[in-house]
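Please open the structure in your viewer and keep the selection panel at hand. The tour below goes from one selection to the next and says what is to be found at each.

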Amino acid sequence: MSVLNRLRDYPHIIEVAYQLTERVFQSLHPFFKRIGYERADRLLRLPEKLGKGAVFNCQMCGQCTLHFTGMTCPMGCPKNLRNGPCGGVRAGGFCEVDASMKCVWVEAFERSQKMKVYGDDIYQIQPPLNQQNVGRSAFINIAFLKHAEMPEAWQTQTGLHHE
Ligand code: SF4
């Protein structure tokens, strides 16, 4: 595990960074709107992949659930469960599929208990993965989810609807 990966064990710090990032991206909404949603999405994909990949082993599902999952990427689960864990967790909290790794959902729950802002979000049921969003920037969707003027075309493409 790299030094950056170890940051996941400090979810109470990462969640503050996440909250700030969310605010920054939401405030950038007018800019993204001006340059176009598609272009903004394309511009953000690489930095997001590199940044979140280094810390969370992000697989660019395009529908980030980090603050719902103890700042632990659920796509690391070999069964890709978004509302885990499965029924097969081994003794000691190890994964049923890969006994060398800790169950992603055991880690997610343990980390959520250290969080002050989003800790209870782990109890919320997550929608299934929308394959239309795989490879897209999830940051861009953070920016748009709060805005009523999200274009219908984007809502159709991503399956997302503003809150
Ligand atoms: S939930 Fe999706 S966007 Fe978030 S870190 Fe995991 S793969 Fe990346």
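A salt bridge is counted here where a side-chain nitrogen of Lys or Arg lies within 4 Å of a carboxyl oxygen of Asp or Glu. The model is a predicted one, in which local features need pLDDT of at least 70 and side-chain atom pairs count only at pLDDT 80 or more, while totals for chains, interfaces and linings use all residues. Residues are numbered from 1 along each chain as its sequence is written, and side-chain values use heavy atoms, with hydrogens and water left out.

**First selection: D9 and R111**

Select D9 and R111, which form a salt bridge with their closest N and O atoms 3.0 Å apart. D9 sits in the loop between α1 (3-6) and α2, whereas R111 belongs to helix α5 (residues 104-112), so the pair ties together parts that are 102 residues apart in sequence. Helices are DSSP runs of H or I with at least four residues, numbered from the N terminus. For accessibility, buried means under 20% relative accessible area, exposed means over 50%, and partly exposed lies in between, with a 1.4 Å probe and protein chains only. D9, at 30%, counts as partly exposed, and R111, at 4%, counts as buried.

Now select residues 11-27, which make up helix α2. This helix of 17 residues reaches 24 Å from its first C-alpha to its last, close to the 24 Å expected at 1.5 Å a residue, where the expected span is 1.5 Å times one less than the number of residues. Which residues of α2 are buried? They are P11, I14, E15, Y18, E22, F25 and Q26. Seen down the axis of α2, these buried residues fall within an arc of 110 degrees, so they line one face of the helix; the arc is taken from the directions that run from the helix axis to the C-beta atoms. If you turn to the face of α2 that points away from its buried side, you find the exposed residues I13, R23 and S27.

The side chains of K79 and E96 meet in a salt bridge of 2.5 Å, N to O. Both residues lie in the loop between α4 and α5, so the pair ties together parts that are 17 residues apart in sequence. K79 is partly exposed at 37%, as is E96 at 36%. Salt bridges that share partners also join D9, E107 and R111 into one network, and the count of salt bridges comes to seven.

How many disulfides does the structure hold? It holds zero, a disulfide being a pair of cysteine sulfur atoms within 2.5 Å. The sulfur of C103 has its closest cysteine sulfur in C86, 6.4 Å away, which is too far for a bond. C103 is buried, with a relative accessible area of 9%.

Technical notes:
Helix = DSSP H or I, 4+ residues; strand = E, 2+ residues; numbered from the N terminus.
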